[in-house]
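Please examine the structure shown below alongside its sequence. The report that follows takes up selected features in turn.

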Protein chains: 2
Amino acid sequence: MTTPTPSVPCTNPLAKLLWGEERLQRRCEILAAISTNPVFTDPGCNPHSLSRKELWTLRLKQGVELLALKFKLGWSNQQFVDATKIAGDILSLGVNYRIFIRNLEAQMSAAQKAYWIPRAERFEIAGCYAQTELGHGSNVRGIETTATFDPSAEGDEIVINSPSVSSHKYWIGALGVVATHALVIARLIVKGQDLGNHVFLVQVRNLDTHDLMPGVQIYEQGEKGMGTFATMDNGVMAFTNCRIPRANMLAGMVSLGRDGTYRAAKNTKHAYTSMVIIRGLMSEEIGIEVAKAVVIALKYTGFRRQFNAQDGQEKRVIEYASVQNRLFPALARAVAMMLLGREMRARIDNLVNESLEDLHLQTVGAKIWVTEHGVRDVEVARLSCGGHGNMAATGLGALYAQLSPSRTYEGETYVLSQQIGNAVVKHWKNQSESSISALSYLARLRDSTKMSRRLQVVAVDAWSSPHVQAEFLELRAALLAKRHLDDVAAGMDTSYDVFELAMAHADLTYCRALQAQVEQSPNEDRPTLEALANVFALTAIVENLAAFAGTELLSAEDLANLRLAHKDAISVFTRNVDRVVEAFGFTEYELNSVFARSGQTPYDGLLEVAKQSELTDNHFIRPTLLEARSLWKKYSRAKI
Amino acid sequence: MTTPTPSVPCTNPLAKLLWGEERLQRRCEILAAISTNPVFTDPGCNPHSLSRKELWTLRLKQGVELLALKFKLGWSNQQFVDATKIAGDILSLGVNYRIFIRNLEAQMSAAQKAYWIPRAERFEIAGCYAQTELGHGSNVRGIETTATFDPSAEGDEIVINSPSVSSHKYWIGALGVVATHALVIARLIVKGQDLGNHVFLVQVRNLDTHDLMPGVQIYEQGEKGMGTFATMDNGVMAFTNCRIPRANMLAGMVSLGRDGTYRAAKNTKHAYTSMVIIRGLMSEEIGIEVAKAVVIALKYTGFRRQFNAQDGQEKRVIEYASVQNRLFPALARAVAMMLLGREMRARIDNLVNESLEDLHLQTVGAKIWVTEHGVRDVEVARLSCGGHGNMAATGLGALYAQLSPSRTYEGETYVLSQQIGNAVVKHWKNQSESSISALSYLARLRDSTKMSRRLQVVAVDAWSSPHVQAEFLELRAALLAKRHLDDVAAGMDTSYDVFELAMAHADLTYCRALQAQVEQSPNEDRPTLEALANVFALTAIVENLAAFAGTELLSAEDLANLRLAHKDAISVFTRNVDRVVEAFGFTEYELNSVFARSGQTPYDGLLEVAKQSELTDNHFIRPTLLEARSLWKKYSRAKI
C-alpha cells in the first residue's frame with residue numbers, strides 16, 4: 001500500500017511477537033499514512049496551551065481526517081481505532097467503531113445487523129453506548145431508565161423515560177456532541193411487567209440538522225480532572241416520552257412480538273456483554289500506553305546523570321537500582337499486558353463460541369490487574385524522570401491522567417475484585433474449580449500437604465525456574481483464598497481485603513500466560529523473553545511477601561536467595577532492554593515527548609519549550625505587576 | 001478584626017488542636033476577608049475551561065488582591081501565604097513570602113537584612129530562589145553556575161555566568177514572569193579558587209520597566225503535566241557576565257573582603273538551609289490538602305448508594321470496608337501530618353538554635369513519608385468516589401495533580417531515602433544513635449533478645465496499646481535497618497530497597513508524634529484522637545507486614561488478632577469521623593467541589609456542570625460533523 005517510515009521495525013521478529021503480526025502491519029500502514037500529513041504533524045499550535053474547547057475541536061478535526069483516510073485506504077474498523085490512538089488522544093470518533101459496532105454485532109438480530117451496521121461502518125450514523133446513569137455504575141441492575149412497550153394501534157412503539165435525577169445517562173462517550181444514535185440500556189416494561197435491562201437503539205439527533213430529537217435532552221458533561229479525556233465529549237442524557245419503533249430493540253437474543261409476547265434466550269447476560277468486551281480490550285490497549293511511558297523514561301534516564309561523578313561525569317540515572325527496579329518490571333508487565341491482551345481480544349472477536357463465565361472471570365481479573373499496575377507503572381515512569389518528568393512536553397503527565405480513570409470505569413477495582421472473591425467461594429463450595437483454569441490455586445488449597453510444606457528453594461538459581469515461580473504465586477493465591485473463605489464464613493465485609501486476592505489471582509494468570517508465550521517464542525528471541533519473564537515473575541514474588549508473614553513457609557535463607565535471584569534477573573535484563581525497546585519501535589511522533597527526540601537532548605528540548613512559552617513575553621501583565629509592587633505606598637503610613 | 005463566617009469553627013477545641021490556635025485564628029480572619037469578596041467568589045468564569053495563560057492571569061490578579069488585603073489588614077507573611085492557599089491555587093506571589101524572605105532571614109548579615117527584608121516585605125521587590133539547574137537537582141554539589149569575584153579597582157563586583165546548557169537555572173518558581181530579584185546559588189570563585197556553592201542576590205528585572213537586566217536571560221518554563229502548577233511561572237535563567245556588587249553575596253555565615261579575603265563559619269551547610277526549610281513546611285501544608293480531599297470524598301461517599309438494596313435504598317458507599325479502610329486511615333494520616341508538621345515549623349522558625357543534623361533527618365524522613373502517603377491518599381479520595389470523582393468540578397483531580405510532583409521536588413524520594421540509610425550506617429558504626437531520637441530502632445537492633453523474641457500479643461485488645469504499636473513499628477524498622485546494614489556491607493546498590501527503610505523510619509516517627517499529641521489532648525477530645533491514632537498505627541502495621549515474612553516473630557494467631565483489632569479500630573473511628581470533619585471546618589469555598597455543596601446534592605451539582613459546558617451548544621462544529629457523516633459518499637464506489 002504505502003512504504004512505512006524507515007524507523008518503524010515492521011519485519012523484526014521480536015516486534016511481530018510483541019505487537020502480533022496483524023497489529024504490526026496495521027501500525028506500519030497507519031504511521032506511513034499520517035507521519036507526513038501536516039494535519040497531524042503540524043497542527044499549528046501547542047496543544048498544552050489550548051483551552052479545553054480548542055483542544056477538543058483540534059482533535060475532532062484530526063479525527064475526521066483519519067476517517068477520510070479510513071475510507072480512502074480501506075482501513076478496517078480496528079485499524080481506524082488503532083489510528084486514533086497512534087495519532088494522539090483522538091477519542092470521540094473511535095467510540096462508533098470500538099464500542100458501538102461491536103455491540104451491534106454482538107446483540108442485534110441478523111436483519112437488524114444488515115440494516116444498521118453498514119450505516120455505522122460508513123459513519124452515516126454516529127453511535128455511542130449509553131449504560132451508566134448518574135446513580136448507577138457497576139450495579140447495572142439498579143438502572144432506572146424505562147422502556148415501556150406501547151402496543152396500541154397507533155403505537156407499536158417503545159417509550160423511553162428517565163424517571164429521576166439519578167437516572168440521567170452519564171459518562172456516555174461521544175454523546176455530548178457527536179453521536180446521532182445511542183444504544184440505551186433500559187428496563188423493558190411490557191404490560192406493566194418489568195422484564196429487566198435490555199438494549200435499545202435510540203436516534204438522539206436529526207441526521208440533517210444535528211438538532212436533538214423530540215423527547216431527548218443532552219448536555220456535554222464538562223471538563224474532567226487533570227485535563228484528561230478533554231477530547232472526549234462524554235454526555236448526559238434524559239428522556240421524556242421519547243418514542244422509538246419496536247424494531248429498535250436489539251433482538252439478537254430476545255424478541256418482542258407485536259402483541260407484546262416476549263421471548264428470551266437462555267443466556268440472560270446479554271445486556272452486559274459490552275462490559276466484557278471493553279474490559280477484554282483494555283489489557284492490550286493499556287499495555288501499549290505503559291510501554292510508551294517506560295520507553296520515554298528509559299530515554300531520559302539513559303541521558304540524565306546524577307551523583308557519583310567519575311572521570312568528570314556523573315553516573316547515568318538508569319544505572320541505579322532505584323530506577324532499574326522500577327522501570328524494568330514495568331516494561332515486563334507492559335509486554336505481559338499486550339500478550340495476554342491479544343489472547344483475550346481473539347476470544348472476544350469470537351464471542352459466540354466462548355464460555356462466558358470463564359471469559360468474564362478472565363477479563364475481570366485482567367481489568368483489575370492491568371489498570372492498577374498500568375496506572376502505577378506510568379506514574380513510576382514519570383517519577384523516575386525526577387522533577388523534569390512533570391513538564392507537560394514530556395508526555396508523561398498526560399499518559400498518567402489518561403490511564404488514571406481506568407481503575408473506576410468499566411467496573412471499579414474493589415467492586416470487580418468481589419467477583420473474583422465470589423467465584424472463589426462458589427467453586428470452592430461446588431468443588432468445581434477445574435472448570436476455570438485460573439482457579440488452579442483452589443485445588444492446591446484442598447491439598448493440605450502442599451499448603452503446609454516448607455518451601456525448599458535451595459539455591460539462588462532455583463528461583464529462576466518458571467515452574468518454581470508459578471508454584472509460588474499459586475501458593476500465595478491459595479493463602480489469600482483461604483483467608484477470603486474464612487472471612488466470608490465469619491460474615492466479615494471482605495470488600496477491602498479481597499483486592500489482594502484478586503491481584504494474586506491475576507499475578508498468577510499473567511505469569512503463566514507470559515511463560516507460555518516464552519515457550520512458543522522463536523529461538524533468537526527466547527533469551528530476551530526469558531529474561532523479561534524472569535523479571536516479571538520474581539518482581540511479582542518479591543514485592544508481595546506480606547501473605548507469608550505469620551507462616552513458616554519461607555525461611556530467612558529462602559528470602560535472601562530470592563532477593564539475590566531478583567537482583568540477578570534485573571542485571572541480566574539490563575542487557576536485553578534495548579532489544580525490547582527497539583522491537584516496540586515507537587516513533588518520535590507517537591512518543592511525542594521532549595525526552596525522546598533524535599535531533600536534540602532532553603535539556604535542549606526543555607529549553608525549546610521554555611522559549612515558546614506564552615508567558616515569556618510578559619508585557620500583557622506588566623501594569624498589574626508594577627501596581628502590585630507599588631501597593632505598599634498606599635498603605636505605608638498605616639501599617640508598613 | 002472581622003467576624004468570621006458562621007460555618008467556620010473558630011473556637012471548637014478540637015479545631016484548635018488540629019490547626020493550632022494561631023493558624024486557626026489566621027484562617028478565620030482570612031475566610032472572613034475573602035468569602036464575600038467577588039474577586040474570589042465570583043471570578044466570572046469556569047477556571048477549568050480556561051487556557052493556561054488565562055488561568056495564570058486570573059490567579060495572578062487574585063494574588064494582587066490578596067496582597068492589598070495583606071497590607072490593608074496587616075496580615076503577617078505567613079498569613080498571606082495561608083491566604084494564597086485558602087483562596088485557591090494562587091502560587092506565584094507566595095514565593096516571595098514563603099521562600100525568599102525566609103532565606104534572607106536565615107542567610108543574610110544583619111546589615112543586609114535591614115536593607116533588603118523591608119523591601120521584600122512590602123513587595124517593592126519580588127523575590128525568588130534559584131538553586132536547581134537543568135542538569136542538577138538533588139546533587140547540589142554539581143551546580144555549575146559560577147560567581148567570580150572581580151577585585152579590580154573599577155570592579156569590586158561578582159560576575160555570574162552560566163557555562164553550559166545544563167547550568168541553566170530551571171524550575172525557579174515566580175521567576176518566569178513576576179520576580180525582580182533572585183537568590184542565586186552559584187560556585188564562588190576567588191582568585192581562581194573554587195570555594196563551592198554560595199548564595200547571591202541578583203536583580204534580574206528593572207524595577208521601573210520590568211525589562212530584563214543586562215546579562216540575564218529568562219524564559220517562562222511552559223506548561224506542566226496534568227495542568228498542575230499552571231498558576232506558577234516557573235522560570236529558566238542563564239547569565240552572561242552578569243555583574244552584581246560584592247555586597248550582594250549573602251553574608252550571614254560567610255564574608256568576602258574587598259581584597260578577596262574569604263571567611264566562613266564552621267557550619268558549611270548554610271547554602272542548603274532552604275531545602276530544610278521547605279521540606280519542613282511540607283508536612284503541615286500537604287496534611288491540609290489531604291484532609292480537604294478526604295473530606296470531599298466523605299461527603300460524596302456518604303451520599304452515594306450502591307448495591308445491597310434494602311427497603312428500596314442501596315447501601316451508602318461509606319459503609320463498605322473497601323471505602324472505610326481507605327478513607328479513614330488517610331484522614332488519620334492527614335492529622336498526623338498537620339500535627340508533626342506544626343512541631344517542625346516551630347523548629348524551623350527557631351532555626352538558629354537547632355541541631356541541624358537532627359532537624360535535617362526529621363525533615364527528610366517527613367518529606368518522603370508525607371509526599372508518598374499524601375499523593376496516594378489524595379488519589380484514594382478520588383478513587384473512592386468512583387467514576388464521578390474524575391470530573392474536574394469535584395476538585396479531586398486538581399488536588400492529586402498538585403501534590404503529585406511533591407515526590408520529586410525538594411529531593412526525590414529515592415535519593416532522599418538514601419540519607420536515612422546513610423544516617424543508619426553512620427550511627428550504627430559510631431554507636432551514636434542516642435543523639436538522634438528517631439533512630440531508637442538501632443538500639444533495639446543491638447539487643448539480640450529483643451530481635452529474636454517472638455511477639456506475644458496475646459489478645460485482640462492488646463494490639464490497641466500505643467506502646468505495643470510503637471514497639472512493633474520499631475521492630476519493623478530494626479529489621480529493615482538490619483537488612484540495609486547487611487546490604488551495604490555486601491556492597492549492594494541499596495538505592496531501591498532503602499525506600500522501605502525510610503518509610504518504616506518515618507512510620508515510627510509519625511506514630512510516636514501522634515501518640516504524644518493524644519496524650520496531651522484535652523479530655524473531651526481524647527477518645528476521638530485515641531480512635532484516630534489507633535487507626536493510624538494499626539494501619540501502618542497491618543499494611544506493612546512484608547518485613548516479617550521469613551521470620552518467626554509473628555504467629556498466624558498474632559496476625560488474626562491484628563486483623564480483628566484493625567477492624568475494630570475502623571469501626572470505633574466510624575463514630576468519630578464527623579467530629580474530626582467538623583473540627584477541620586473547611587468551607588464550601590475552600591473545598592470548591594460539586595461533592596460538597598450544602599444547597600444541592602452531588603448529582604444535581606454534576607448536572608449543573610454539564611448544563612454549563614461550553615460544548616453543549618455544538619453549532620460551532622456542526623459543519624464538520626455533517627461533513628464527516630457524508631464523507632463515505634465520496635469514496636463509496638471504490639471501497640464501501
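## Basis of the report

The structure is a predicted model. The values in the sections below are therefore to be read as belonging to a predicted model, in which local features need pLDDT of at least 70.

## The annotated binding site

An unreviewed UniProt entry places the feature "binding site" at T132(A) and G173(A). These positions are spread over 42 residues of sequence, yet they cluster in space, with a largest C-alpha distance of 10.5 Å. T132(A) is found in the loop between strand 1 (127-130) and strand 2 (146-150) of chain A. G173(A) is placed in the loop between strand 4 (169-172) and strand 5 (181-190) of chain A.

The surroundings of the two residues can be listed in turn. Not counting residues up to four places away in sequence, T132(A) touches G137(A), H168(A), K169(A), Y170(A), W171(A) and I172(A). With neighbours within four places in sequence left aside, the contacts of G173(A) are V95(A), C128(A), M232(A), D233(A) and N234(A).

## The disulfides

A disulfide is a covalent bond between the sulfur atoms of two cysteines. How many disulfides does the structure hold over all chains? There are 2.

In chain A, C10(A) is joined to C28(A), with an S to S distance of 1.8 Å. The pair links distant parts of the chain, 18 residues apart: C10(A) belongs to the segment before helix 1 (13-19) of chain A, and C28(A) to helix 2 (residues 21-34) of chain A. Why is this disulfide described as left-handed? The torsion about the S-S bond of C10(A) and C28(A) is about -110°, so the disulfide is left-handed. C10(A) is buried, with a relative accessible area of 18%, and C28(A) is also buried, at 4% relative accessibility.

In chain B, a disulfide joins C10(B) to C28(B), again with S to S 1.8 Å. Here C10(B) lies in the segment before helix 1 (13-19) of chain B, while C28(B) is in helix 2 (residues 21-34) of chain B, 18 residues apart. The link of C10(B) and C28(B) is left-handed, with -110° about the S-S bond. C28(B) counts as buried, at 4% relative accessibility.

Strands of a sheet pair through backbone hydrogen bonds, either parallel or antiparallel. Chain A contains an open sheet of 3 strands in the order 4-8-7, with antiparallel pairing. Strand 4 and strand 7 (216-220) of chain A are at the edges, each with a single partner strand, so one side of each has no neighbour in the sheet. From one strand to the next, the twist averages 20°.

Strand 7 of chain A pairs with strand 8 (residues 235-239) of chain A in the antiparallel sense over 5 bridges. Within this part of the sheet, I218(A) stands opposite M237(A) in strand 8 of chain A.

Chain B also takes part in this region. Helix 21 (residues 602-611) of chain B lies across strand 4, strand 7 and strand 8 of chain A. This helix runs at about 80° to strand 7 of chain A.

Terms used: Residues are numbered from 1 along each chain as its sequence is written. Chains are lettered from A and ligands numbered from 1 in the order in which they are written. This is a predicted model: local features need pLDDT of at least 70, side-chain atom pairs count only at pLDDT 80 or more; totals for chains, interfaces and linings use all residues. Side-chain values use heavy atoms; hydrogens and water are left out. UniProt positions are given in the numbering used here, feature names are shortened, and annotations may be inferred rather than shown by experiment. Helices (H or I, at least four residues) and strands (E, at least two) are DSSP runs, numbered from the N terminus. Contact means heavy atoms within 4.5 Å. A disulfide is a pair of cysteine sulfur atoms within 2.5 Å. Buried means under 20% relative accessible area, exposed over 50%, partly exposed in between (1.4 Å probe, protein chains only). Two strands pair if DSSP finds at least two bridges between them. Axes are lines fitted to C-alpha atoms, for helices over the stretch in contact, and angles run from 0 to 180 degrees between N-to-C directions.
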